[in-house]
Amino acid sequence: MLLNIKDLHVSIHGKEILKGVNLQINKGEVHAIMGPNGTGKSTLAAAVAGKDNYEVTQGEILFNGKDIKELAPEVRAQEGIFLGFQYPVEIPGVSINNFMRTAINEIRKYHGQEAMTAAEFLKKMKEKQQLVEITSKLKNRSVNEGFSGGEKKKNEIFQMAMLEPQLAILDETDSGLDIDALKIVANGVNKLKTKDNATVVITHYQRLLDYIVPDFVHILFDGKIVMTGGKELAFELEENGYEWIKEKIKG
Amino acid sequence: MAQDEKQILDEVTSSDYKYGFTTDIETEYAAIGLTEETVRYISAKKNEPEWLLKFRLKAFAKWQKMEQPNWAHLKIPEIDFQDIIYYAAPKKKKELESLDEVDPELLDTFNKLGISLEEQKMLSGVAVDAVIDSVSVKTTFSDTLAKHGIVFMSFSEAVQKHPDLIKQYLGKAVPMGDNFFSTLNDAVFSDGSFCYIPKGVRCPVELSTYFRINAANTGQFERTLIVADENAYVSYLEGCTAPQRDENQLHAAVVEIITMKDAEVKYSTVQNWYPGSKEGKGGIYNFVTKRGICKGDHSKISWTQVETGSAITWKYPSCILAGDNSVGEFYSVAVTNNYQQADTGSKMIHLGKNTSSTIISKGISAGHSHNSYRGLVKMGRNATNGRNFSQCDSLLLGDKCGAHTFPYIDGQNSSCVIEHEATTSKISEEQLFYCQQRGISQDSAVGLIVNGYAKEVLKQLPMEFAVEAQKLLSISLEGSVG
């Protein structure tokens, strides 16, 4: 099993957001996590990535069988966890080239590998840029600075392609995208899928799932996964709305 | 988690100052303290002409009546000027003819600092004047430069070989008696570099002076004078390091630049004097006067500085824009960490018509340090159509440091435009997390973000220097984030 989350409780500044999440993800799978605003979807993503101030008060996060909840965020990334940000951060003056090269080489160092040569790196940049249809001018621009919403999200998928993680968690990658950009992003994610990696897409809408077809759909509600099903669950949800979930839980 | 933050904050600078070693070389000292005798001793040691001795003595008399300035946003412990050795020099047996005659210990010192004095190894095409304690030990490439009529040698040597040039230009940008520390330098300056670029000559290599304080209890008072004659150009680099010692050492240098019509001088500094221990013990007091005068029309002076060292920095590289259409620039990155203090900035004095100046200052404070920008933009009565743009940004790491901005503006001509922009920001947790999530460690992330922040200034530096400066910025801030 790639990721095994057991009874995960997470608090932010003393307020409990996740109240016992269980989730199992195997290699080769695509999972979708859906749910209304403020139920803890982004908290779950950030807690797995190890964000500061996200305090695990109970439970375990096992990645490849190893409990990672005490590991620094960079170590989790080096182990193969990638988070596609809902709001990608601007880093003025730092070129994407420099940013990616630093990231790749720190990850390689962690695995006892030599730094990538400049030629290898540039070749890889070029190759992966095509995947998300971004222009070659990108590499000299500062990370996310002055990017449009669509460019920022494409840039997230581009970085995912560069880093080749075992587990990618994409937090609301579809928000703010027009249909063309959505297709490009989804297409990129699909192309990156292998039997050795897994993808988790966090989304509000069923729309994205027309393009990235999940093996499992989970509904997160009030800090817990309250329902799990196949891709048809997303349609049901779209049709009936979240009120339907509330009813079902009560009933 | 807040506890963790605190811990990280407290674990300041894990990396050691790389240049903290001392070299065991035979050194000759002046008696400790400062009297008229000391001034005469230094002048005699240098075999100086009478007029220069008089210059020194006059300055000394003036200095004795002056008081140390206290207007800067600095806490300067009292300095006992009688407890300093004003002259220390590696013992020289005779005039050096070739590099083989330089003390191998000295060569080793410069090799450790990453400065090769062996010309054949100098692929980068930089001519170096190396100054250790009070004396210039070796100037490389002199002969090549001489072919272009360029004079580049130690100040003492220039006093002997080109007394007329020295007499003509010394004190033209920083007049004798200008301020407390420059006047002290006037009296006791030991050595430094002199550079003269004749009319119409573009200096084919970067010129560089490397300063090293080695001996204990000594002050370093070097003097640099650069003159670019009509339509001449030179790019000049300055680097400095010092051993790690518990007591503070005083460094009071003066740099003067004079540009004639259509001439341009680019002066870059990477200042890495020993900053003191992380508890704030020791370190260099860097009280430096740097000023250039654009004497001729259409001339240009550009200062770029990366300041990471010194316990206390007091330094305001300035331009007097006397010639019409002359241009002054100041690009600065100043980093303070632990208990370092810096009060630095620039003065742009517009006198001529259509003069323009730019000030870009990036301050980065970490630990318990205090970092101040202080600048003056003055438009004189005749400075018709003068233009200035100033941008002063401060970046804070942690919550125990301070950043301050003191801009002074004095406009006496109504046709002038003066713009000032300032920002203060903190490295955001979001930025750090974003980097870390991509596998980049916290220290590397800080290095990356800070270098990005300072890019506008770093790109002004010559290539080799820029790489050094980038590394230096990262190292100076290692372990400083919370």
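Eight bridges join strand E1 (residues 3-12) of chain A to strand E2 (residues 15-25) of chain A, and the two strands run antiparallel. Strands here are DSSP runs of E with at least two residues, helices are DSSP runs of H or I with at least four residues, and both are numbered from the N terminus. Two strands count as paired if DSSP finds at least two bridges between them. The model is predicted: local features need pLDDT of at least 70, side-chain atom pairs count only at pLDDT 80 or more, and totals for chains, interfaces and linings use all residues. Residues are numbered from 1 along each chain as its sequence is written, while chains are lettered from A and ligands numbered from 1 in the order in which they are written.

Together, four strands of chain A form an open sheet in the order E2-E1-E4-E5, with antiparallel pairing. Its edge strands are E2 and strand E5 (66-67) of chain A, each of which pairs on one side only.

**The six-stranded sheet of chain A**

A further open sheet of chain A has six strands in the order E6-E9-E10-E3-E11-E12, and its pairing is mixed. Strand E6 (81-84) and strand E12 (224-229) of chain A are the edges, each pairing on one side only. From one strand to the next the twist averages 20 degrees.

| Strands | Sense | Bridges |
|---|---|---|
| E9(A) (residues 167-171) and E10(A) (residues 198-203) | parallel | five bridges |
| E3(A) (residues 30-34) and E11(A) (residues 216-221) | parallel | four bridges |
| E11(A) and E12(A) | antiparallel | five bridges |

Individual residue pairs can be located in each of these. A:Ile169 has A:Val200 in E10(A) as its bridge partner, and A:Met34 has A:Ile219 in E11(A). A:Val217 stands opposite A:Gly229 in E12(A). E11(A) and E12(A) form a hairpin with two residues between the strands, in which A:Asp222 takes a positive phi near 50 degrees.

**Helix packing in chain A**

Helix H4 (residues 118-131) and helix H5 (residues 149-163) of chain A pack at an angle of about 135 degrees, with their axes 9 Å apart. Axes are lines fitted to C-alpha atoms, for helices over the stretch in contact, and angles run from 0 to 180 degrees between N-to-C directions. H4(A) and H5(A) are therefore oblique to each other; angles under 35 degrees count as roughly parallel, over 145 as roughly antiparallel, 65 to 115 as roughly perpendicular and the rest as oblique. H4(A) contributes A:Lys124, A:Lys128, A:Gln129 and A:Leu131 to the contact, and H5(A) contributes A:Phe158, A:Ala161 and A:Met162. Residues are in contact if their C-beta atoms, placed from the backbone, lie within 7 Å. By class, this contact of H4(A) with H5(A) has four nonpolar, one polar and two charged residues. Ala, Val, Leu, Ile, Met, Phe, Trp, Tyr, Cys and Pro count as nonpolar, Asp, Glu, Lys and Arg as charged, and the others, Gly among them, as polar.

**Chain B and its contact with chain A**

The contact between the chains takes 18 residues from chain B and 25 residues from chain A. On the side of chain B that touches chain A, helix H9 (429-437) and helix H10 (442-453) of chain B are the elements that give two or more residues. H9(B) gives the most, with seven residues. That side of chain B divides into seven nonpolar, seven polar and four charged residues.

The axes of H9(B) and H10(B) come within 9 Å and cross at roughly 120 degrees, which makes H9(B) oblique to H10(B). H9(B) passes H10(B) in a right-handed crossing. B:Gln431, B:Leu432, B:Cys435 and B:Gln436 in H9(B) meet B:Gln442, B:Ala445, B:Leu448 and B:Ile449 in H10(B). This contact has five nonpolar, three polar and no charged residues.

**Confidence**

Chain A averages a pLDDT of 91, and 99% of its residues score at least 70; pLDDT is the predictor's confidence in each residue, from 0 to 100. Among the elements of chain A, helix H7 (residues 232-250) has the lowest mean pLDDT (83) and helix H2 (residues 73-79) the highest (97).

Notes
Contact = placed C-beta atoms within 7 Å. Left-handed = near helix turned anticlockwise from the far one by under 90°.
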